[in-house]
Amino acid sequence: MSESVRVRFAPSPTGPLHIGGVRTALYNYLFARQNGGKMILRIEDTDSQRFVPGAEEYINEALEWLGIGVDEGVRQGGPYGPYKQSERRDIYRRHVQDLLDKGMAYYAFDTAEELEQKRAQVANFQYDASTRGSMRNSLTLPAEEVKRLIDEGHKYVVRFKIEPGRVVEVNDLLRGKVSIKSDVLDDKVLYKSADDLPTYHLANIVDDHLMRITHVIRGEEWLPSAPLHVLLYEAFGWADTMPAFVHLPLLLKPDGKGKLSKRDGDRLGFPVFPLEWHDPKSGVVSAGYRESGYLPQAVVNFLALLGWNPGDDSEMMDVDTLIQKFSFAHCSRSGAKFAFEKGKWFNHTYLQQTSDEELATLFIPVLEANGVDAGRFGLAYIAKAVSMVKSRINFVADLWPNARFFFVAPTEYEAKSVKKRWSDQMPRIMSELIDVLRALPSFASADAEPVVLKWIEDNGYHLGNVMNAFRLAVVGECKGPHMFDITELLGVEETVKRIKKAIDNIEIPAPQQ
């Protein structure tokens, strides 16, 4: 495919970017990169009533965090700007006037009340060839009346005039040829004088043409609008430059039927937004994948496989591999269930592949949030602690409950283990252990372990009881990494200090009657 491939991701700044929108952006990006093309980010803010402050910044930040590179956009600039539709009013006015001059569009002055009344009178009312003759528009009103209404500032819309009796064909790279009779299409509103902005239908077509978009890759919810867009391309005389369409399947609920929603995430405990979102109106905070501890590469890998497969058994794929393998031939036409548990698996697997040093850096903010001065320990120490527990975690935040004891000495001791392992003889045995530990020529795990085990055996002590009591004193509970790896990192002084603290603070359980 030629290097002229140009795709666009065109979200509306009406709230946080849904994870389904992220997948659409990702597929656009993968296709563009695979074909040496360009990825354009266009902000479609023509719906002024639904505009939400901060949403545009959120979209840009989310794509940047995920590594979905944008070649042209509001931030990046480019030769076909502006890339925000609210800044393209003059362009849209000219194209609306072009359709009016050609007789392919008309003014409509019907008020909201009049339209509502008509809907009440006519079942399944639709503003189209069969009904527009009974409405207040420039097709039924005298030209002088139309001019007067416009000059006096009466609000109006411009509607696209769709003629019945033809079959509109949409060629979709995923779904094949889709044919729709024009009789079922209504005369869509293209422009509203109330806010001097076009609707999605007009702005979308004009921008795709002027920005030289070659492939429109979007969700299947936009498939019903595709025939209208074909007719608009023809009306403007742009049929030869019409982009190829790809309508992607929806992301579905993990359980039950229907498309994935925020309620599903709230109900089942997973995010549906890439970043945490603070609603500026309600103040409600919604979880994000970034703040929940997901790595961006894990999210990208997970999303790529929701509705697409590489044609083999590959699962773990970095972005370069995804770019190489991506193909619409392996995209599903049906919706993909959002298997959020699989997302956790991807994150776990990517964390295991992350270097201990990088993971330690990610862990530092978690330590600081829990009152630990990370600088007191140093990156090398934190990395060694992380290396011992990383196999147990799905998220960076999971490091804290699993590695807490490396940074904070226990103040409480797990009751069940105390009852089982801390006998009236254990304080004396632990005091002896202190002497053994202090006498070690090397505190390295491989050197310390055989000496301590031989001391236990020579004294006829119960191995399980002594080692679990040792762990209980140092960790606070009877679980964790290899005991002598723990003590090697803690060092002899900290280890001895913790054993002494346990001797002084653990109450010997009363004998069972």
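A residue is termed buried when its relative accessible area is under 20%, exposed when that area is over 50%, and partly exposed in between (1.4 Å probe, protein chains only). By this criterion His215 is buried, with a relative accessible area of 10%. The residue lies in strand β9, where helices (H or I, at least four residues) and strands (E, at least two) are DSSP runs numbered from the N terminus. The C-alpha atoms of His215 and Arg438 are separated by 71 Å, the two residues being 223 residues apart along the chain.

The structure is a predicted model, in which local features need pLDDT of at least 70 and side-chain atom pairs count only at pLDDT 80 or more, while totals for chains, interfaces and linings use all residues. Residues are numbered from 1 along each chain as its sequence is written, and side-chain values use heavy atoms, with hydrogens and water left out.

An open sheet of 4 strands, paired in the antiparallel sense, has the order β3-β4-β7-β8; two strands are taken to pair if DSSP finds at least two bridges between them. Its edge strands, each pairing on one side only, are β3 (105-108) and β8 (197-198). Strand β7 (residues 189-192) runs antiparallel to β8 and is joined to β8 by 2 bridges. Within this pairing, Tyr191 has Pro198 of β8 as its bridge partner.

Strands β5 (167-172) and β6 (176-181) are also antiparallel, and 6 bridges connect them. A hairpin of 3 residues leads from β5 to β6, and Val167 is bridged to Lys181 in β6. In a regular strand the side chains alternate between the two faces of the sheet. In β5, Val168, Val170 and Asp172 form the covered face, whereas Val167, Glu169 and Asn171 form the uncovered one.

Helix α3 (residues 89-101) lies across β3, β4 (157-160), β7 and β8, and runs at about 105 degrees to β3. Axes are lines fitted to C-alpha atoms, for helices over the stretch in contact, and angles run from 0 to 180 degrees between N-to-C directions. Two packed helices are described by the angle between their axes and the distance between the axes. For α3 and helix α6 (residues 200-210), the packing angle is about 105 degrees and the axes are 10 Å apart. Helix α3 is therefore roughly perpendicular to α6, on a scale in which angles under 35 degrees count as roughly parallel, over 145 as roughly antiparallel, 65 to 115 as roughly perpendicular and the rest as oblique. The contact (heavy atoms within 4.5 Å) involves Ile91, Tyr92, His95, Val96 and Leu99 of α3 together with Leu202, Ala203, Val206, Asp207 and Leu210 of α6. By class, the residues of this contact comprise 8 nonpolar, 1 polar and 1 charged; Ala, Val, Leu, Ile, Met, Phe, Trp, Tyr, Cys and Pro count as nonpolar, Asp, Glu, Lys and Arg as charged, and the others, Gly among them, as polar.

Helix α3 also packs against helix α7 (residues 226-236), at an angle of about 80 degrees and with the axes 10 Å apart. The two helices are therefore roughly perpendicular to each other. Their contact is made by His95, Asp98 and Leu99 on α3 and by Leu232, Ala235 and Phe236 on α7, a set that divides into 4 nonpolar, 1 polar and 1 charged residues.

Side chains of opposite charge can pair when their charged atoms come close. With a salt bridge defined as a side-chain nitrogen of Lys or Arg within 4 Å of a carboxyl oxygen of Asp or Glu, the count comes to 42 salt bridges. A network of salt bridges links Arg8, Arg42, Glu44, Arg88, Asp207 and Asp208. Glu220 and Arg175 form a salt bridge with an N to O distance of 2.9 Å. Glu220 lies in the loop between β9 (215-219) and α7, and Arg175 in the loop between β5 and β6, so the pair ties together parts 45 residues apart in sequence. Glu220 is partly exposed, at 25% relative accessible area, whereas Arg175 is buried, at 18%.

A further salt bridge joins Asp312 and Lys325, whose closest N and O atoms are 2.9 Å apart. This pair links distant parts of the chain, 13 residues apart, with Asp312 in the loop between α9 (296-304) and α10 (319-325) and Lys325 in helix α10. Asp312 is partly exposed, at 37% relative accessibility, and Lys325 is partly exposed, with a relative accessible area of 26%.
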